[in-house]
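Today I looked up the pockets of this model and what lines them. My notes follow below the structure.

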Amino acid sequence: MGPESLESIQKSALEDILKKYPEKAQKDRAKHLGVGLPADESQKTCGGVQSNKKTVPGVMSQRGCAYAGSKGVVWGPVKDMVHISHGPVGCSQYSRSGRRNYYIGSTGVDTFVTMNFTTDFQERDIVFGGDKKLTKAIEEINELFPLVKGVSVQSECPIGLIGDDIQATAKKTTALINKPVIPVSCEGFRGVSQSLGHHIANDAIRDHVFTSKGSDVGSTPYDVAIIGDYNIGGDAWASRILLEEMGLRVIAQWSGDATLNELRNGPKAKLNLLHCYRSMNYVSRHMEQEFNIPWIEYNFFGPSKTYESLRKIASQFDQGVQDNAEKVIAKYKPVMDAVLDKYKPRLEGKKVMLYVGGLRPRHVIGAYEDLGMEIIGTGYEFAHNDDYSRTTHEIQRSTVIYDDANEYELEAFCKRIKPDIVAAGVKEKYTFQKMGLPFRQMHSWDYSGPYHGFDGFAIFARDMDMAINSPVWGHNKAPWDAA
Ligand code: SF4
């Protein structure tokens, strides 16, 4: 299939999909669907789509809420703090351990990431308020886990609705336990998706973490902070190895395998290295304005982007670091070439449809392309326009772009543009597998990983091969086709 014919299929699929909607929904969804072209450089957003808008009521959105953005993404991985999900138990239970934020430490002793803490609201708490319950929970936590370094209070919806003053409770309990208690007003109803939760979480770091001092780590010209790597399946570890081999000193890792002290020490970095722009650009911009720390984005998915990023990062430092970057690339290139020699012949020409959040709808494109695969559809659950404008620079051919896509649209696009693999979230996984389509879950790497860095790419390539070339698909027919 040539690029022209695929482009026309993509455009007619888009038109047909929209026709199925009632008039009002059609008008709304038309703004969020498009076909992006590499020549669209001047276009404001890839495919001309609009983003960060309210989901059409009644459709099955794949988005999370502000609480999910704060607790599930930004604060949850900070390992030596307890993050209380303040409100009913459900939000807490469903946000627990889903992201596979790996860490080093003794769970329940000095590390708490995979434990679930909630104030478990009941009717009487909704009626009479939960301040006392929250105070008691914080005191108990401090007593049961004396090595805990602090507590964050992650508000669920009812807290904002009944008007509980978590700021006041946090202030009171900070004095009571003599450790920071950080209130985060990330009630799920705020904003249109988890995206606002990231912003609120970043603001809480600004207001409650930067106001206290971290430990003395000294100072070198090579101090950097990794920002927006959540160490899913060990991603941050695979990335950190490369930065350290290059001669840089990673003084803070936010927030996968992070400590409260590392958050505090962030402003001591000479350069912030930002991986997930969507979730951490706010605090990076703040550190630039307030502490004069520049930040750059990097991409450690796939060897080509990793080589490019290592050079980009090194260019911010002296010749010694730049020479080291070349040595690191020279060391790992044969390893990466061997991975490509093994997997590229098995994957070349395969077409990929992506649908994820954060940075992955654009950052993983290069990794697939290294394997000779093509991206024919991509989109974000909760992006802003600047994510889509960044995506324009990554696509190599006509690509369907869908913002806040729903199940109907994803299935319909799949049937029309016929990808060889779908790489999306857990909510999509079983639908597409039942359709007989190879699938990889790209939120937590389908219980695999890491996918970042050179270590990660070897695993990524193996996983894509396992998904696409598994003989299981020959035995699988969609139940609705069989009927
Ligand atoms: S929207 Fe509200 S109730 Fe639902 S998960 Fe988020 S915080 Fe909990």
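I began with the lining of the largest pocket and asked which element gives the most to it. I found that α3 does, with three residues; the model is a predicted one, and I read every entry here with that in mind.

I then noted that the space in this largest pocket comes to about 820 Å³. I looked up which of the 39 lining residues are the closest to its centre, and these are Gly72, Val73, Arg99, Gln194 and His443. Besides α3 (66-75), the elements that give two or more residues to this lining are α4 (89-94), α9 (194-209), β6 (223-229) and α19 (426-434).

Sorting the lining of the largest pocket by class, I recorded 17 polar residues and 14 nonpolar ones, with eight charged.

Next I turned to the second largest pocket, for which I have a volume of about 230 Å³. I asked which element supplies the largest share of its lining, and the entry is α13, with four residues. Two elements, α13 (303-314) and α15 (360-363), each supply at least two residues of that lining.

Note on methods
Residues are numbered from 1 along each chain as its sequence is written. This is a predicted model: local features need pLDDT of at least 70, side-chain atom pairs count only at pLDDT 80 or more; totals for chains, interfaces and linings use all residues. Side-chain values use heavy atoms; hydrogens and water are left out. On a 1 Å grid over the protein atoms alone, a cavity is a set of points where a 1.4 Å probe fits but cannot get out, and a pocket is an open set with protein on both sides within 12 Å along at least five of seven lines; lining residues have an atom within 4 Å of a point. Grid points are joined across faces, edges and corners, and a volume is the space filled by probe spheres set on the points. Ala, Val, Leu, Ile, Met, Phe, Trp, Tyr, Cys and Pro count as nonpolar, Asp, Glu, Lys and Arg as charged, and the others, Gly among them, as polar.
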